[in-house]
Amino acid sequence: MISLTEWPLASLLEPLTYAFFRRALLASCLVGALCGLVGVYVVLRRMSYIGHGLSHAVFGGAVISYLMQVNFYLGAGLWGVASALLINEVAQRRKLGADAAIGIVTTASFAVGVAGISRQRRFTRNFEAALFGNVLGITPADLWMIAGVAIVSVVGILALYKPLLFSTFDEEVAEVYGIPTHGVNAAFALILAAVILVSMQIMGVTLIAAALVIPASAARLLTQRFDRLLWIASLIGAGVSVLGMYASYYLDLASGASIVLIGTAMFLVAWLMSRGPAGE
Amino acid sequence: MNRQSAGRREDWAGAVLSDAQESRHGLGPLDNRALGGEVVASMTSVTCGYHRQPVFRDVTLTFHAGQLTGLVGPTGSGKTTLLKALLGLVRPQHGEVCVFGKPVTRATRARIGYVPQLETFDWQFPVTAEQVVLMGAYRGMSWLPWCRASERGAAFRLMEQLGIAECIGQHIRALSGGQQQRVFLARALLGKPQLLILDEPTVGVDLKTQHDILHLLGDLREQGITIVLTTHDLNAVAAHLPWLICFNRGVIAQGPPEVVFTTDILRSTYASEMLVLRQHGYLLVANSPLVYQGHHGDQLD
């Protein structure tokens, strides 16, 4: 019989005896940290709606690539890149209203995916997995892809740290100070598309936006320094994902939902802490 | 017009009266070459606007090296658009804008410092005063995410000169209005600009800070920096700025405050009655209520 002192450790170790859980835990931890990092820019640039829309747009590409039997990452990736660049372009044009234009692009792309599924009814399970997340299906190849995107995204964000900070803080003036804001925005849109692509299987299309927004928003309540914000948001994202995976395992919940619910609880704690005298 | 006070600035007033190109009022020239120095920026028959709707039309102006110019006019008159045209952020629908003798390019902008309206910022944004100042040097910095000690040293020295060294690690929201203005001024100066453009640098600060900022700009002008700013505070610019442009969708008049601050010009600029008082060499502009109390037109010393 397991004693009380041994119980928490046993509970932590028991799921790790399964290879699928080890892969899922590592993948969700990477994806959580990555979404936390990228989410800082999404929140500060007030792009939450774009993050939400882009995840729906990538879904269309995922379905098309499945139907055409093209590699998921290749098909959905290309679709995501095209959607990200298109969204980035329309977001900068004010005549129609960026929110309306983005809504059209992303929902049209999502509708393409739904139409494809309705024509081919044989993969309802995959449809659910794409919408709500399914960590059971994480393969070693998926893990490598997530790790690759994580490395490229982190290197990209570090290399663009100064231009991204300036253009996020004050885009118009950044242009005056020699920052190629159009290029920086496009590069960030591509990073965001890649992060959304590899997060789909963990979080599901419907919940990716929450993974992007919640850790960054919670971190923002805890610090006023940009460099610390990046660290804290990444740590919250990773921590919430690990806790969410265990909750998913023990409570038999969809992984994306449990990660988002724990993230929301974490946000509430951060909000309460920020209201106290110690909050900055 | 007060001839006595205008005479104190004989050189400029002379230029105003002798210039062949006169503004709509016939008082201010469209060219202030008498100020000397090479032409740093020029606008020739420029029409600018957004979505094919012109904000201002047919503006011709020159800004000379070491000149400190104030642009005054009502809200929506196109002052900020004019500054953005000088910065190359708004393309002219007609005419030509040249800075340092060339159309505005990324290379030209390297010699321009810009302080935008502070109202436009997200003051909750998580950056410190030092981080904001360092943004001014990003153009020449490496791709490394951190700044070198020499770059931070240069930013600190500049902040020290502007009297904001103690704010270095503070969040921008924690600073006073005057300190915030100086932080953004430091950002603009870190790149050693030859042309400094400021949009409403005196808004939201107390009188003492307003005077300090305008004196500081005067000192920068002494160092040879050409400065163009917009403001709504007519009395402050009358006391501190040597050259003014009255602007409302076009140039109404330009010249020294003694020349352009008349009830006629201010009425044309603001579409409102304003009383211009001249007392012991000082100019004071008052709003219309005084007019109804029996004061009309310019009051001489």
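Where is the place of A:D252 in chain A? A:D252 sits in the loop between α12 (226-251) and α13 (255-275) of chain A, where helices (H or I, at least four residues) and strands (E, at least two) are DSSP runs, numbered from the N terminus. The model is a predicted one, in which local features need pLDDT of at least 70, side-chain atom pairs count only at pLDDT 80 or more, and totals for chains, interfaces and linings use all residues. Residues are numbered from 1 along each chain as its sequence is written, while chains are lettered from A and ligands numbered from 1 in the order in which they are written.

The residue A:D252 follows α12(A) and has a positive phi, near 55°. A:D252 is exposed, with 8 other C-beta atoms within 10 Å; a residue is called buried if 20 or more other C-beta atoms lie within 10 Å of its own, exposed if 12 or fewer, and partly exposed in between, with C-beta atoms placed from the backbone.

B:E200 lies in the loop between β7 (195-199) and α8 of chain B, and with 21 C-beta neighbours inside 10 Å it counts as buried.

Now to the sheet of chain B. Six strands form an open sheet with mixed pairing, in the order β6-β7-β8-β3-β9-β10; two strands pair if DSSP finds at least two bridges between them. β6 and β10 (251-255) of chain B stand at the edges with a single partner strand each, so one side of each has no neighbour in the sheet. From one strand to the next the twist averages 15°, with axes taken as lines fitted to C-alpha atoms (for helices over the stretch in contact) and angles running from 0 to 180 degrees between N-to-C directions.

Within this sheet, all six of the six residues of strand β8 (residues 226-231) of chain B are buried, so β8(B) is largely enclosed by the rest of the structure. B:T226, B:V228 and B:T230 point one way from β8(B), and B:I227, B:L229 and B:T231 point the other way. In a regular strand the side chains alternate between the two faces of the sheet. Strand β3 (residues 68-72) of chain B runs parallel to β8(B), joined to it by five bridges, and B:L71 has B:T230 as its bridge partner. β7(B) and β8(B) also pair in the parallel sense over five bridges, with B:L196 opposite B:I227. By contrast, β9 (residues 243-247) of chain B and β10(B) pair in the antiparallel sense over four bridges, and B:C246 stands opposite B:A253.

Chain B is divided into domain 1 (1-111 + 193-258) and domain 2 (121-192), bounds that come from an automatic or database domain assignment. Nine residues of domain 1 of chain B are in contact with eight residues of domain 2 of chain B, contact meaning that C-beta atoms, placed from the backbone, lie within 7 Å. Helix α8 (residues 207-222) of chain B gives the most to the domain 1 side, with three residues.

Note on methods: Contact = placed C-beta atoms within 7 Å.
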